[in-house]
Each structure stands twice: as structure tokens, then as C-alpha cells.
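Please keep the sequence and the structure in view while going through the numbered points.

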Number of protein chains: 2
Amino acid sequence: MIKVVGWGVGKMGRGILDMLMKKQGIEVVGAIGRTTGVGKDLGELLGFDSPVGIKVDNDAEKVLSSARPDVVILSISSYVRGVADEIELCARYGADVITIAEEMAYPFRTEPELSKKIDSMAKDHGITVLGTGVNPGFVLDSLIAALTYGTRSVRQIKARRVNDLSPYGKTVMEEQGVGLSMEAFIEGVKDGQIHGHIGFLQSIPMIADALGLEYDEIVETREPIMSTVERKTDLVDIKPGMTAGCSHSAVAYRNGVPVITLEHPQQVRPELEGIETGDFIDIYGDPDLHVVIRPETPGGIGTIASAVNIIPQVLSSPPGLLTMMDMTIPHCIMDDFRNHIGKGGNIREGSKGDMGQDT
Amino acid sequence: MIKVVGWGVGKMGRGILDMLMKKQGIEVVGAIGRTTGVGKDLGELLGFDSPVGIKVDNDAEKVLSSARPDVVILSISSYVRGVADEIELCARYGADVITIAEEMAYPFRTEPELSKKIDSMAKDHGITVLGTGVNPGFVLDSLIAALTYGTRSVRQIKARRVNDLSPYGKTVMEEQGVGLSMEAFIEGVKDGQIHGHIGFLQSIPMIADALGLEYDEIVETREPIMSTVERKTDLVDIKPGMTAGCSHSAVAYRNGVPVITLEHPQQVRPELEGIETGDFIDIYGDPDLHVVIRPETPGGIGTIASAVNIIPQVLSSPPGLLTMMDMTIPHCIMDDFRNHIGKGGNIREGSKGDMGQDT
């Protein structure tokens with residue numbers, strides 16, 4: 001069996017553990033939490049009918065040294081700085097790492113020094129480290145890159161991901177500046193409390209480096225989405241004239257001309273103003289391509305699924321800090337996950353024949 | 001420079017050579033033809049203003065032994081049997097092979113013995129062999145697989161590629177049964193003259209094996225698309241009541257339930273009856289996904305582009321008969337192709353450090 005530890009038991013971490021428990025060829029050998037759920041049986045935490053015999057533990061070193069996982073899925077932070085030490089600990093126990101930390105999808109531009117450090121540390125220990133997720137990691141970067149496969153040239157890319165914030169919790173609502181006056185929103189952006197989407201500074205370089213597109217600068221904007229109607233959920237009651245969310249976009253320019261434009265307006269209940277959610281990707285080149293995924297690839301489920309579905313590729317990859325562009329074409333897995341390890345051409349040779357048990 | 005030979009100078013072969021000549025880091029070192037264009041300068045054949053100093057030659061062995069390409073792009077047949085000997089010749093000269101032969105996209109089910117032979121021969125000579133193209137190879141298989149990345153499970157896949165046959169030549173029109181009475185069409189399907197799309201028996205196993213979906217049988221149908229209006233092109237004049245093309249579909253069943261349904265209605269000028277072209281992909285699972293590419297990813301340009309864009313992955317892959325599912329995420333390349341060789345994680349180790357010059 002492929003032995004997996006889930007590190008982080010927040011909403012995403014629990015979703016990942018739940019999916020792992022239901023897949024063939026995978027054995028969940030441990031769960032690491034900070035405070036929530038610590039000491040509880042994983043079955044209880046996930047709402048199963050019966051306990052599964054694994055207790056959520058807050059002693060990571062103890063879990064890693066006794067469970068000896070092949071891979072750890074890390075769901076504890078959005079930032080490189082929030083996972084670097086944890087990755088190093090996994091490396092010391094010879095476990096590959098998959099993380100949904102948004103910045104880790106392509107950390108080389110925003111955290112160049114720390115990326116180098118993680119890469120060389122991963123190589124020293126013979127482990128693979130990958131950041132993935134639905135966005136960044138897929139919809140607004142590696143999927144766009146894949147869609148250009150049938151084009152002779154690409155001049156410009158415009159993509160827009162329109163989603164509904166309603167399923168998200170209080171933290172996300174605050175980060176997106178939901179339920180404020182326009183003035184309070186602008187103030188929140190200024191002082192960094194409202195940061196919109198984490199991922200544009202990963203997705204843009206990821207696409208550009210993959211395709212060999214050049215740009216001089218990336219300009220980000222965060223604008224309030226003002227509601228003209230009442231928008232109500234369990235968590236918020238947005239009156240007309242208040243913000244329903246944040247329209248965050250980033251444009252990469254070359255000589256003043258947009259090369260890559262990514263837009264991600266996130267708001268509560270967009271359907272109340274007739275706005276359809278979806279992923280809209282326009283590629284301008286030879287030929288042009290117009291791709292629509294409607295409704296959008298779901299954020300929560302998509303991130304959970306991506307972290308689990310990529311396990312075989314990560315186990316089959318050479319050591320180092322890799323990205324989705326280094327993976328063989330990713331996909332859902334319906335049979336035994338072990339059938340997919342080392343499948344195909346890009347098999348890791350030598351150092352990983354022992355599946356990460358090299359400490 | 002990456003040294004490439006184009007083998008086949010039909011419409012696709014010429015398109016591939018034209019694209020190769022315009023890309024950075026690639027040197028076209030030879031062109032092999034059978035009859036058309038033999039003896040002509042490649043520049044003349046491609047309609048350039050000036051000659052390029054490479055003559056189309058019908059002596060493949062002479063071209064391969066003197067040019068010593070890193071990779072040969074083979075555009076001479078749709079069938080495994082139509083490229084097997086040519087692949088062996090490339091192997092003897094240590095050149096990787098990319099072919100747009102539709103059956104080669106996933107030859108394991110329709111040609112199991114010959115696939116094994118090609119695979120072991122490729123391994124003996126240390127070369128990589130890949131079948132690619134827009135379809136099969138991408139839109140109705142590897143792209144569908146990629147789109148499932150953000151799903152926890154997949155129950156059923158339905159995809160429909162609606163295109164216009166007008167840009168194609170006489171052979172394709174005949175293979176698709178254009179401009180016939182219904183009776184003549186049915187007769188043509190019966191005696192094998194009208195075969196519709198080559199690729200379903202590749203795309204379905206490719207998706208199923210990638211995802212681990214099981215099926216018992218594949219049922220193919222070829223139905224006439226009867227025109228109710230006059231549809232005219234330079235090549236054909238279809239009167240009302242005549243066939244405008246072939247609606248070819250294939251369904252993979254598991255216990256009588258469709259698991260994968262692929263439909264490819266191909267016809268001349270569908271817009272005259274208000275039919276929009278496009279690639280329509282519906283994935284049913286957790287969650288459902290509905291993807292539309294409108295108009296469709298172009299067949300001709302897409303196949304040309306795919307054969308060229310995949311060069312770095314093929315040069316970086318281990319020896320053997322591989323498929324698109326063994327490639328790292330494919331994409332268009334706008335800078336020097338050499339920047340993309342061995343990029344990322346799945347670097348070929350050992351045998352291919354000399355880039356195919358191993359004979």
C-alpha cells in the first residue's frame with residue numbers, strides 16, 4: 001500500500017483525508033493537527049460511523065518516525081514560509097511532500113532563496129516536493145498551458161475565473177473583503193487585510209516559463225464588487241451598496257502590451273445579479289482558442305482531488321522541488337493507485353526504488 | 001540545435017516542416033518524400049521566397065545516415081502497419097520518432113503484437129517513439145484525462161467533436177462518404193470504403209487505462225449526415241438529400257451502461273444548417289464538469305502543432321513506445337526549443353545524454 005500522512009486537519013485537510021480513505025491502494029498511516037481535533041479518532045473527525053484507529057496527533061516528528069509514510073500531504077498554510085520547516089521535517093523522514101499551499105505551486109519568483117533551499121534540501125534527502133491545487137496549480141496555469149498544445153504560436157492569454165464565495169468560511173470572507181463599504185474595502189486593500197486571490201504571482205510565471213513568453217512586469221489590481229441587491233448566506237448579510245467580494249486581476253505586460261491577463265472576481269452569490277460562474281480561457285495566437293468550463297471547476301473539491309490524484313506522479317518523479325509542469329498529464333484515478341506508480345515513460349530511476357524509505 | 005528530419009511531405013508533413021523552419025533551436029536537416037516533391041528544394045515546396053538548401057529525397061536511409069537527426073517526424077500513414085518499418089529504420093540510426101499516424105496514439109489494443117515489437121525494438125536502440133496529433137492524441141483523450149484532474153471520481157464521460165470537413169482533400173471526403181445517396185453511404189460503410197474517424201479505438205482505451213475505468217466492449221456506429229440544403233465547396237457540390245458527411249461514434253459499455261461515449265460528426269459546411277462546430281466534453285462524477293471549446297480545436301493546425309510542440313518531451317523521455325499520458329504536460333513553445341529539453345523533473349537519465357546519436 002502507498003502510505004500517506006495527512007498534515008493539517010482544517011477543511012481542506014479533512015477533505016483530503018476523507019478522499020484518501022476511500023481510494024484503493026492507499027493507506028492513511030497518520031494525521032497531524034495543531035489544535036483542532038487533536039486526540040480524536042480520524043473516523044470521528046471525518047464523520048464516519050466507526051473509528052478507524054488513527055488518532056490525530058500534534059507531534060509531527062512522532063507520527064513521521066513511527067508511520068514512515070511514502071508521502072505527506074501538507075494542508076496547513078498558503079505560504080512558502082508557512083510550510084518550509086514542515087517540508088524539511090518530512091524530508092528527514094524520507095517522505096515525498098504534496099502541498100496545497102498556493103505559493104508553493106510556483107514559488108521561484110516570489111520566494112527565490114527559499115525555493116532554492118527547499119530544492120537542494122529535497123535533493124539531499126532524495127524526496128520530491130510538489131505544490132498543487134485547483135488554482136494555482138491547474139485551472140489558471142497548467143491547464144491553460146495544456147490547452148496551447150495544438151497551437152503553433154501564442155500571442156496573448158486572457159483567462160477569467162468567476163466563482164461563488166458562499167461555501168467558504170469566515171477567514172476567506174474577510175480576506176476577500178465581503179460585506180464592507182467601498183471605503184472600508186479600499187482601506188483594507190491598502191493595509192493588506194484584503195488580499196484577494198493568492199496565486200497570480202505563481203500562475204503567470206508558470207505559464208510564461210512553460211511557453212517561453214516574456215514579460216516586463218505584472219500589475220495587480222483589487223477592486224470591490226459592489227452589490228446592488230441583498231445577498232444573504234448563513235454567514236453574511238450583504239445589503240445593497242455593500243461589497244459582495246473582490247475582483248482581483250493581474251496583467252503581465254511586455255513593452256506595454258498585455259501578454260497574460262488573469263482575472264478572478266470572487267463574490268458571494270453572483271447568481272443574484274445574473275452573473276454565471278465559470279472558467280473562461282481565451283488564447284490568442286495561431287489559432288485562437290476559446291474554452292469555457294461552466295460552472296467553474298469547483299475550488300474546494302478540485303483542490304482536494306488534485307492533491308490526491310497526483311500521488312503516483314510524485315512517487316514516480318526524481319527528487320527536488322517540482323511543479324505541475326514537471327508532472328506527466330494528471331488525471332483522476334478510479335482503480336488502485338499502485339497501478340499508476342512508475343507507469344509510462346518518466347519513471348524515477350535509482351534513488352527512489354525504495355519508495356522514500358531512505359532515512 | 002535539435003536536428004529534425006520530416007518524413008512525409010503531404011499536407012500535414014509540409015505543415016510540420018513549415019512550422020519546424022520557423023521555430024528557434026530547431027534545425028531541419030532533411031526531408032523524405034515518396035513521389036511528390038522529390039528532388040525539389042524544401043523552400044520551393046513550402047512556398048518560401050528562396051531555397052533553403054535541403055532537397056526532398058526518397059532515399060530514407062541516405063537521409064538518415066547523413067543527416068543523423070535527433071528526431072524524425074513521421075507523417076506518411078494513419079496506421080501502425082504503415083509506419084512500423086520506417087520506425088525501425090529511424091531506430092537503427094538512433095533517432096527518436098514522433099508520428100501523427102492516428103493508430104499510433106495508443107496502438108496497444110488494436111495492434112498488440114506489433115506494439116510490443118516496436119516497444120522492444122525502441123528500447124534495444126535507446127529511442128523514444130510517440131504517436132500524437134490533435135485527435136487522437138489530445139482533444140478526445142489526453143485533454144479529457146487532464147480535465148478530470150480536479151475530480152474525486154468519474155462515472156461517465158461524454159465528448160463530442162463537431163467539425164467542418166471543407167478544408168480537407170479528396171481522400172478524406174471519400175473516407176467520410178461525402179456527397180452520396182443514403183444507400184451508397186450504407187453500402188460504403190459495409191464494405192469498409194467509408195470508415196469515418198480513425199482514433200476511437202485509441203482514445204477510449206487511452207482514457208480508460210489512464211483513469212482506471214473498466215469496460216466490457218466498444219460499439220462503433222457510422223451514420224450518414226443527410227443534408228437538407230445545398231452545401232458547396234471547391235471540391236464537392238452536395239444537393240439536398242445527399243450525404244454531407246459521417247456521424248461516427250463509439251461507446252464503451254460496462255455491464256450495459258455507457259462509460260465513455262465519443263462522438264465525431266464530420267461534415268461539409270455544417271453552418272449552412274445552423275450547426276456550430278466545437279469540442280464538447282462532459283464529465284459526470286464528483287463533481288460534474290462541462291467544457292466547451294468553440295469553435296473546435298482545429299484539426300490540421302492542431303496536429304501540425306502537436307507534432308512539433310512535443311519534441312522536447314520526446315527528447316527527454318526514456319526509450320520505448322510511449323503515449324501522450326507518459327509526457328509531461330504538453331504546451332506551445334515560443335522561445336528556443338532547447339530551453340525545454342530535460343526541463344523539470346522527468347529527465348531521461350543515462351542512455352540519452354547524447355541526444356540519440358547512439359548508433
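1. The note begins with a pairing inside one chain: strand S7(A) is joined to strand S12 (residues 257-267) of chain A by 6 bridges, and the two strands run parallel. Within this pairing, Ile157(A) has Ile260(A) of S12(A) as its bridge partner. It should be kept in mind throughout that the model is a predicted one.

2. Strand S7 of chain A, which covers residues 153-164, also pairs with strand S13 (residues 278-286) of chain A. Here the sense is antiparallel, and the pairing extends over 9 bridges.

3. The loop between S12 and S13 of chain A deserves a look, for it contains Arg269(A). The phi angle of Arg269(A) is positive, at about 45 degrees, although this residue is not a glycine.

4. How are the two chains related? Chain B is superposed on chain A by a rotation of 180 degrees, with 0.0 Å of shift along the axis and an RMSD of 0.0 Å. This is the relation of a two-fold axis. Among the residues of chain B, the closest approach to the rotation axis is made by Thr328(B), whose C-alpha lies at 1.9 Å.

5. Which surfaces do the copies use to meet? They meet through the same surface, because 100% of the interface residues of chain B are also interface residues in chain A. Chain B contributes 60 residues to the contact, and chain A contributes 60 residues.

6. The size of an interface is often expressed as the accessible area that is lost when the parts come together. For chain B and chain A the buried area is about 5100 Å², and 63% of it is on carbon and sulfur atoms. Several elements of chain B give two or more residues to the side that touches chain A: helix H6 (142-147), strand S7 (153-164), helix H9 (200-211), strand S14 (289-293) and helix H10 (299-309). H10(B) supplies the largest share of that side, with 6 residues. Sorted by class, the side of chain B that touches chain A holds 31 nonpolar, 20 polar and 9 charged residues.

7. How many salt bridges are counted between chain B and chain A? The count is 0. Polar contacts across the interface of chain B and chain A, by contrast, involve 23 residue pairs, with both residues at pLDDT 80 or more.

8. Strand pairing also crosses from one chain to the other. Strand S14 of chain A (residues 289-293) is joined to S14(B) by 3 bridges, and the two strands run antiparallel. In this pairing, Ile293(A) stands opposite Val291(B).

9. Chain B contains an open sheet of 7 strands with parallel pairing, in the order S3-S2-S1-S4-S5-S6-S15. Its edge strands are strand S3 (56-57) and strand S15 (320-322), each of which pairs on one side only. Within chain B, strand S1 (residues 2-7) and strand S2 (residues 26-32) run parallel and are joined by 6 bridges. Val5(B) stands opposite Gly30(B) of S2(B).

10. The bond between Asn135(B) and Pro136(B) is cis, with omega of about 0 degrees; Pro136(B) belongs to the loop between strand S6 (128-131) and H6 of chain B. The bond between Arg294(B) and Pro295(B) is also cis, with omega of about -5 degrees. Pro295(B) lies in the loop between S14 and H10 of chain B, and both of these elements give two or more residues to the side of chain B that touches chain A.

Technical notes. Residues numbered from 1 in each chain as written. Chains lettered and ligands numbered in written order. Predicted model: local features only at pLDDT ≥ 70, side-chain atom pairs only at ≥ 80, totals over all residues. Heavy atoms only, no water. Least-squares fit on C-alpha atoms with pLDDT ≥ 70 in both. Contact = heavy atoms within 4.5 Å. Buried area = accessible area lost by both parts, 1.4 Å probe. Salt bridge = Lys/Arg side-chain N within 4 Å of Asp/Glu carboxyl O. Polar contact = N/O pair within 3.5 Å; in protein donor to acceptor, adjacent residues only side chain to side chain. Helix = DSSP H or I, 4+ residues; strand = E, 2+ residues; numbered from the N terminus. Nonpolar A, V, L, I, M, F, W, Y, C, P; charged D, E, K, R; others polar. Pairing = 2+ DSSP bridges.
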